[in-house]
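Reader: Please take me through some labels used for this model. I want each value set against its cut-off.

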Amino acid sequence: MVKHQPLQYYEPQLCLSCLTGIYGCRWKRYQRSHDDTTKWERLWFLILTSSFFLTLVWFYFWWEVHNDYNEINWFLYNRMGYWSDWSIPILVTTAAGFTYITMLLILALCHIAVGQQMNLHWLHKIGLVTTLITTVVTMSSIAQLWDDEWEMVFISLQATAPFLHIGALAAVTALSWLVAGQFARTEKATSQMLMFTAYLAVVVALYLVPLSISSPCIMEKAALGPKPAILGHRGAPMLAPENTLMSFQKAVEQKVSGVQADVVLSYDGVPFLMHDKTLRRTTNVEEVFPERAYEHSSMFNWTDLEKLNAGEWFLQNDPFWTAGSLSRDDYLEAANQSVCKLEDMLEVIKDNTSLILNFQDLPAVHPYYSTYINITLETILASGIRQQAVMWLPDTERQLVRQVAPGFQQTSGLKLDAERLREKGIVKLNLRYTKVTNEDVRDYATANLSVNLYTVNEPWLFSILWCAGVPSVTSDSSHVLRKVPSPIWLMPPDEYHLIWITSDLISFLVIVGVFIFQKWRLGSIRTYNPEQIMLSAAVRRSSQDVKIMKEKLIFSASWVIPPYAVPHLLHWPSSKAIKPTDNGMCDHKYGDKFGVDLEFNGFREINNGVETTDELSFCSENGYANEMVTPTDHRDTKLRIN
């Protein structure tokens with residue numbers, strides 16, 4: 001009579017259950033497997049990895065274009081016909097998609113680390129494909145509708161590349177644990193070489209990336225130029241409604257160097273300030289004159305324009321998310337703003353502030369279509385503002401402007417070579433920041449041409465342009481930029497090179513150490529003998545390895561095995577559970593038609609001579625652990641055939 005002892009009590013493995021459960025809905029222990037991941041699941045892992053990098057780029061892009069969120073909303077307003085803040089919903093959706101993909105990738109890598117077979121659940125596959133398609137469609141739409149904005153990515157890298165490099169270096173170094181583990185477990189030399197070569201290529205490329213990093217802020221502090229002058233874009237549009245008298249008063253309070261304004265001529269010849277062609281976005285024209293809401297703003301008499309409110313939209317739409325920070329007095333003042341005359345604005349800014357004027361083209365049927373330049377010039381000169389403080393931007397009637405106001409600074413909105421600009425009498429350029437490189441700024445400075453860049457709202461972008469030597473910028477956030485005392489970061493070249501080399505050396509030493517340790521830890525897994533066999537271990541084995549170990553275990557033990565039971569035992573699926581019977585034995589009915597029972601007594605797992613409890617076992621639901629073990633006493637082990 002053979003005595004049997006109950007198997008060891010099983011303690012739930014919560015971390016492993018959560019890992020396989022969240023990724024593939026395999027919450028039960030018998031659902032897990034150490035078999036090779038199928039080719040189909042490997043394809044899904046490749047799709048997951050590609051989606052991660054794609055969503056990473058998209059998330060980085062949308063985070064960095066925060067500088068232009070208002071411009072994006074205005075661009076979409078012109079195409080869709082109504083105002084809505086699209087930037088935040090897109091950012092939140094992008095962040096959620098990136099977080100989801102990142103979570104799945106981390107779970108997949110953890111599966112590889114613990115040797116579990118990957119089996120992505122079908123719901124995650126749907127979520128993965130949906131996120132991937134949405135990202136591709138959105139990126140393609142932005143590329144077609146607003147391709148100029150992608151230049152922001154390359155500009156932002158001048159500020160973030162040195163730090164992104166260190167982060168990427170840390171991530172690739174951490175991945176060496178997984179790569180080294182897979183390298184040690186792989187039997188084929190060809191597979192090992194391919195794996196090692198691919199990883200080595202990535203590491204070496206990352207080590208050499210700083211050779212291509214160019215940032216104007218990698219410079220000696222002594223070479224840093226003066227802080228760029230700040231001009232208020234349409235006044236101070238984050239503190240008051242744009243192009244209103246209150247907006248320019250706030251700009252003067254912020255001690256800006258100048259302001260930029262958009263001038264239109266009313267139907268009866270009064271210059272006033274308005275950026276859009278219609279009055280719909282920044283006034284209540286749809287309430288006061290609903291039948292004329294889509295007319296050009298210049299087709300209104302000044303008496304009609306005076307009836308419109310130009311401040312309520314600012315409080316309702318809150319384009320810069322700043323309306324809530326206004327004081328009660330400022331809130332009430334903003335709510336009662338009206339359309340502003342050019343004459344009134346000049347009276348506010350004429351003493352200590354320069355001015356960039358931009359003009360809207362009038363419809364051909366406008367009564368002052370051919371003389372609006374003359375009327376505007378008369379208004380400017382009559383205000384008493386210094387001619388040297390006015391930067392004249394329109395190309396129309398430049399010769400006339402030079403004759404009437406020779407002191408105006410002739411400014412161009414077109415990027416041309418320095419020689420052509422001098423021929424046209426241009427002394428200043430007003431360009432979008434994405435249109436100018438660091439080399440262009442230096443070339444224009446050499447030619448004694450000043451450059452003003454718009455619209456610069458973020459301190460990091462302001463810092464980059466400061467380091468590049470830009471003389472002035474136009475900003476919606478003058479109240480923020482004026483508080484920036486110095487560039488956000490400034491690093492001497494020698495210090496940067498030291499950080500670069502040190503990071504690479506530390507990464508190299510860690511990677512070498514990890515490969516050596518993993519080879520030592522896992523290198524003996526492929527050595528089998530009857531006294532040291534583990535049929536279920538926390539490391540990944542191929543199906544062929546499992547079959548070999550089963551054969552050795554069967555034929556090296558003194559078991560009574562009927563001949564007809566051996567083939568079925570050899571092909572016993574490692575994913576099938578052996579469940580404990582009432583008498584404490586593990587019993588698995590292999591399809592009932594074979595009626596095979598295994599009785600274990602005196603088993604324990606031996607790993608390098610030390611008794612251990614295997615991390616993964618078959619019996620999980622009934623509280624017994626049934627580690628697949630090496631028999632220590634062949635006399636207490638038998639195979640019973642029902």
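Reader: Why is Arg 442 called partly exposed?
Author: Its relative accessible area is 47%. Buried means under 20%, exposed over 50%, and partly exposed in between (1.4 Å probe, protein chains only). So Arg 442 counts as partly exposed. Glu 439, at 44%, gets that label too. This is a predicted model, where local features need pLDDT of at least 70, side-chain atom pairs count only at pLDDT 80 or more, and totals for chains, interfaces and linings use all residues. Residues are numbered from 1 along each chain as its sequence is written, and side-chain values use heavy atoms, with hydrogens and water left out.

Reader: What makes Arg 442 and Glu 439 a salt bridge?
Author: Their side chains meet at 3.5 Å, N to O. A salt bridge is a side-chain nitrogen of Lys or Arg within 4 Å of a carboxyl oxygen of Asp or Glu, so the pair qualifies. Both sit in helix α17 (residues 438-446), three residues apart, which means a separation of about one helical turn. Helices (H or I, at least four residues) and strands (E, at least two) are DSSP runs, numbered from the N terminus.

Reader: How many salt bridges does this rule give?
Author: The count comes to 19.

Reader: Why is strand β4 called largely enclosed?
Author: Five of the six residues in β4 (residues 354-359) are buried, so the rest of the structure largely encloses this strand.

Reader: How do you know that β4 pairs with β2 and β5?
Author: Two strands pair if DSSP finds at least two bridges between them. Six bridges join β4 to β2 (residues 258-265), running parallel. Three join β4 to β5 (residues 390-392), also parallel. Leu 355 in β4 is the bridge partner of Val 259. Met 391 in β5 is the partner of Ile 356.

Reader: Why is Leu 104 called buried?
Author: Its relative accessibility is 0%, so it falls under the 20% limit. Leu 104 lies in helix α4 (residues 87-114).
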